[in-house]
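User: Please take a close look at one helix pair in this model. Then place that pair in the wider fold.

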Amino acid sequence: MTTPPPPLAADPAAARRSLEGLSLGDAFGERWFPLFRAPGRACDEIKARRTPEEPVWPWTDDTALARALLRVLDEHGRVEQDRLALCFALAFEADQARGYGHGMHILLPELLVRPADWRTLAPELFEGGSLGNGAAMRVAPLGARFHHDIGLAAEQAALQAAVTHAHPEGIAGAVAVAVAAALSVRGEFTLAAVADRTPEGLVRDGLRRAADVPFATEPWKAADLLGNGQRIRADDTVPFALWTAARHPDDLEEALWATAEGLGDVDTTCAITGGVVGAATGVEGAPAQWLSRREPLD
Ligand SMILES: [Mg+2]
């Protein structure tokens, strides 16, 4: 019989605040996709701060997987990778029309049958593993949960990433977002501090560039410099999403408008920003109309 590992210091309330912010950003950001609004119209409406008129804003894969991750943390107190692989697969199976990327359409059905095979299947995806946004977009609540110990937050973020995103840049994106969320809860969030704790590579280089972009810069210009997620890579997504979060650390609504100005993979950039800022602020300060339109979480 093996002795269970000791419990890790955790703050489930902070994780919940982050999940609320993440899902609000996800649902809000999705409204600006070309499927719903032509880019010119989206730009005009975002600039005018016009709330999307649709009565229901469904959340997408970002929220579905963040919920699955938090469920495993609530059950086990830490990332249990085989269980997590199954929970991700179950979330996908429950509703495949949540905007999952191509790689997840390949990987998650396989993990439903053989969850422990993430060890071989995830690294085989795209020759060397996925360096997409999936591991970063779902991880902010984990960072918030483990904010007492930034090293632990980074370690657990990397463990949850490896189940689907084996490429070092995919993992680095997750570490950066988890660290940002942890620092956000502590009131210590800066881009330089996140870059210092992110593994060497393109994500970290992007964070260093982001730290040099003044907050007086218009967000669409910052997105031009840093990327807006259009390339579906962590290094093209995380630096801009964290730049807008650092620009508005106390104002979730304005942080999300600023992120939306970058367009691109806008549900995911807004999910990341929302998860990081929301970890500190919660969603109580967000417009009541946004909260009533977001698809319920439970
Ligand atoms: Mg999505």
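Predicted model: local features only at pLDDT ≥ 70, side-chain atom pairs only at ≥ 80, totals over all residues.

Analyst: Residues are numbered from 1 along each chain as its sequence is written.

Two packed helices are described by the angle between their axes and the distance between the axes. Helix 10 covers residues 168-186, and helix 12 covers residues 202-211. They pack at an angle of about 45 degrees, with axes 8 Å apart. Axes are lines fitted to C-alpha atoms, for helices over the stretch in contact, and angles run from 0 to 180 degrees between N-to-C directions. Helix 10 and helix 12 are therefore oblique to each other. On this scale, angles under 35 degrees are roughly parallel, over 145 roughly antiparallel, 65 to 115 roughly perpendicular, and the rest oblique. Helices are DSSP runs of H or I with at least four residues, strands are E runs of at least two, and both are numbered from the N terminus.

Helix 10 contributes Glu169, Ala172, Gly173 and Ala176 to the contact. Helix 12 contributes Leu202, Val203, Arg204 and Leu207. Two residues are in contact if their C-beta atoms, placed from the backbone, lie within 7 Å. By class, the contact of helix 10 with helix 12 has five nonpolar, one polar and two charged residues. Here Ala, Val, Leu, Ile, Met, Phe, Trp, Tyr, Cys and Pro count as nonpolar, Asp, Glu, Lys and Arg as charged, and the others, Gly among them, as polar.

Next comes the loop residue beside this pair. Glycine 201 is in the loop between helix 11 (191-196) and helix 12. Leaving aside neighbours within four places in sequence, glycine 201 is in contact with Pro168, Glu169 and Ala172. Glycine 201 counts as partly exposed, with 17 C-beta neighbours inside 10 Å. The cut-offs are 20 or more other C-beta atoms within 10 Å for buried, 12 or fewer for exposed, and partly exposed in between, with C-beta atoms placed from the backbone. Glycine 201 and glycine 134 are 67 residues apart in sequence, and their C-alpha atoms are 18 Å apart in space.

Now the core. The largest nonpolar core has 103 residues. Phe88, Ala174, Ala176, Val177, Ala178, Ala180 and Leu242 touch the most other members. Helix 10 gives the most to this core, with 13 residues. Such a core is a set of buried Ala, Val, Leu, Ile, Met, Phe, Trp, Tyr and Cys residues joined through C-beta atoms within 7 Å. Ala176 is also one of the residues in the contact with helix 12. Beyond neighbours within four places in sequence, alanine 174 is in contact with Ala135, Ala136, Val139, Ala157, Ala158, Gln160 and Ala161.

Finally, the whole chain. The chain has 17 helices and zero strands. Of its 298 residues, 57% count as buried. Among contacts between residues at least 6 apart in sequence, 74% join residues at least 24 apart. The C-alpha atoms fill a box of roughly 60 × 35 × 35 Å, taken along the principal axes. With 298 residues, a compact globule would have a radius of gyration near 19 Å; the chain has 17 Å, which agrees. That radius is taken over C-alpha atoms, and the globule rule is 2.2 Å times the number of residues to the power 0.38.
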